[in-house]
Amino acid sequence: MDGLTLENCDFSCLNLSNASFAQSDLYWACFWGTNLEYVDFTGAILRGCDFKSADLRGANLTNANLANDNLGGATQLQGANLTDAQLDADFTGAEYDDRTIFSSRFTPEKHKMIFKLAETR
């Protein structure tokens, strides 16, 4: 699925492990509760996406854009597991909570992320 425009698509609760969305436009896509282990998001537009409770272990987010959407809405990472993910991405304004799991060397505040509790779904 490299290079595709899939804005506002709903991928909730799917198993997309090992898929590739490199250079894709996934603006406002919903990945709530989705298995995204080892997914390649290199250079992808992920602004305003919902990654609440998503499994992003080992995902490649190199050069991906997870900053706010055009209306100022945040990318949601509450409850996401980002263990061993490649996190050299733009996270400006992205939200996380106490359930979000990062690799030990990643500091969300240094990436301009915002701590905010998720609303229950």
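This is a predicted model: local features need pLDDT of at least 70, side-chain atom pairs count only at pLDDT 80 or more; totals for chains, interfaces and linings use all residues.
The protein chain contains 0 helices and 2 strands. Its radius of gyration is 12 Å, close to the 14 Å that the globule rule gives for 121 residues, so the protein chain is as compact as a globular protein of that length. Along the principal axes, the C-alpha atoms fill a box of roughly 30 × 30 × 25 Å, and 52% of the 121 residues count as buried. The protein chain exposes about 6000 Å², of which carbon and sulfur atoms supply 47%. Among contacts between residues at least 6 apart in sequence, 26% join residues at least 24 apart.

In soluble globular proteins, nonpolar side chains tend to be buried together. In the present model, the largest nonpolar core comprises 33 residues, and the members that touch the most others are F31, F41, L46, F51, L56, L61 and F91. For L61, when neighbours within four places in sequence are left aside, the contacts include the core residues F41, L46 and F91, together with L66, L82, Q86, L87, D88 and A89.

The aromatic pairs number 12. In one of them, the ring centres of F31 and F51 lie 5.0 Å apart with their planes at 5°, so this pair is stacked; the two residues, which are 20 residues apart, both belong to the segment before β1 (95-96), and both are buried. By contrast, the rings of Y96 and F102 have their centres 5.6 Å apart and their planes at 75°, so that pair is edge-to-face, and Y96 and F102 are likewise both buried. One aromatic cluster is formed by F11, F21, F31, F41 and F51.

Conventions: Residues are numbered from 1 along each chain as its sequence is written. Side-chain values use heavy atoms; hydrogens and water are left out. A nonpolar core is a set of buried Ala, Val, Leu, Ile, Met, Phe, Trp, Tyr and Cys residues joined through side-chain atoms within 4.5 Å. Buried means under 20% relative accessible area, exposed over 50%, partly exposed in between (1.4 Å probe, protein chains only). Contact means heavy atoms within 4.5 Å. Rings of Phe, Tyr and Trp (its six-membered ring) pair if their centres lie within 6.5 Å; planes under 30 degrees apart count as stacked, over 60 as edge-to-face and the rest as tilted. Helices (H or I, at least four residues) and strands (E, at least two) are DSSP runs, numbered from the N terminus. The radius of gyration is taken over C-alpha atoms; the globule rule is 2.2 Å times the number of residues to the power 0.38. Accessible areas come from the Shrake-Rupley method with a 1.4 Å probe; for residues, only the protein chains shown count as cover.
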